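My notes follow in the order in which I checked things.

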Amino acid sequence: EDHEGRRQSARCSPPPRIGPRCPPPHGGAGGAGPPGGRGVCIREFRAAEQEAARRIFYDGIMERIPNTAFRGLRQHPRAQLLYALLAALCFAVSRSLLLTCLVPAALLGLRYYYSRKVIRAYLECALHTDMADIEQYYMKPPGSCFWVAVLDGNVVGIVAARAHEEDNTVELLRMSVDSRFRGKGIAKALGRKVLEFAVVHNYSAVVLGTTAVKVAAHKLYESLGFRHMGASDRYVLPGMTLSLAERLFFQVRYHRYRLQLREE
């Protein structure tokens, strides 16, 4: 099958949608939602929305710090065992119950510190690469796109797609919804927009990777039709130094998902 013509035409805009379109903007960089704000409009990113998109991305990633530090510990039994051994060693050496009880608090404090350190380094990396110029990175190259969710004229969610021509797949990434507007189906609508893009442009599958700890995120991907393809504890997040302290107090599990659209 000749994909060359499709690659050249696989720009951001798909053929006309079925259903209502976003009305033209009437004040405010974010455009406008349906009359009265009764629904959310998913449309292509506009250059004036750069800062709004970066803010939503930043806030969404920063939320992962406590989740990774505390909730994420449940996914790493070896770290739990190590921390229990450290507490037992403290008691064996000091014979002090008070000091031993302080060990878990100190370990959790270190987990928070290193989770914040690594995740902020990852943010800096992202904010100085693709999220520094969304127009240039996602809207201009063939096979890539960036969408925003607009409610009452404000950008409340984002998602991106990036093609991998070597295996004819498209990657869903940078999905985030403003915390004040969750529970309205916005994330699911953003995910469906990427699936629509993949079908229109004849990609064989949609893939994504995530280090999200929240169960709700994984249920969302499954509700969209994604299949969990495995997880790894050896993923190196951009910004990691792999120092001994990081290895002791920062662990992340990387999950891979795939939605097969057709066989190649």
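I began with helix H2 of this predicted model, and I listed its buried residues as Gln-50, Ala-53, Ile-56, Phe-57, Gly-60, Ile-61 and Met-62. I then looked up what these buried residues pack against, and found helix H3 (64-69), helix H5 (97-127) and helix H6 (134-139), together with strand S2 (144-151), strand S3 (154-164) and strand S4 (169-177). I also checked the length of H2, which covers residues 50-62: its 13 residues reach 18 Å from the first C-alpha to the last, close to the 18 Å expected at 1.5 Å a residue.

I went on to helix H4 (residues 77-94), whose 18 residues should span 26 Å at 1.5 Å a residue, and I noted that its end C-alpha atoms are 26 Å apart, which agrees. In H4 I found Ala-79, Tyr-83, Ala-87 and Cys-90 buried. Looking down the axis of H4, I saw that its buried residues fall within an arc of 80 degrees, so they line one face of the helix. On the face turned away from that buried side I noted the exposed residues Pro-77, Arg-78, Leu-81, Leu-85 and Leu-89, while the cover over the buried residues of H4 includes H5 and H9. Just after H4, I noted that Arg-95 takes a positive phi of about 60 degrees.

I compared this stretch with the record, where an unreviewed UniProt entry annotates residues 81-114 as "transmembrane region". Over residues 81-114 I found the chain to be 94% helix and 0% strand, with the end C-alpha atoms 19 Å apart.

I checked the accessibility of both partners: Tyr-113 counts as partly exposed at 48%, whereas Tyr-114 is buried at 16%.

I then looked at Tyr-235 and Tyr-254, whose ring centres are 4.0 Å apart and whose planes stand at 10 degrees, so the pair is stacked. I traced this pair as a link between distant parts of the chain, 19 residues apart, with Tyr-235 in the loop between strand S6 (227-232) and helix H9 (244-249) and Tyr-254 in strand S7 (residues 254-260). Tyr-235 is partly exposed, with a relative accessible area of 29%.

Last, I noted that ring pairs link Phe-45, Tyr-137, Tyr-138 and Phe-146 into a cluster.

Notes. Residues are numbered from 1 along each chain as its sequence is written. This is a predicted model: local features need pLDDT of at least 70, side-chain atom pairs count only at pLDDT 80 or more; totals for chains, interfaces and linings use all residues. Side-chain values use heavy atoms; hydrogens and water are left out. UniProt positions are given in the numbering used here, feature names are shortened, and annotations may be inferred rather than shown by experiment. Helices (H or I, at least four residues) and strands (E, at least two) are DSSP runs, numbered from the N terminus. Buried means under 20% relative accessible area, exposed over 50%, partly exposed in between (1.4 Å probe, protein chains only). Rings of Phe, Tyr and Trp (its six-membered ring) pair if their centres lie within 6.5 Å; planes under 30 degrees apart count as stacked, over 60 as edge-to-face and the rest as tilted. The expected span of a helix is 1.5 Å times one less than its number of residues. Contact means heavy atoms within 4.5 Å. The arc is that of the directions from the helix axis to the C-beta atoms.
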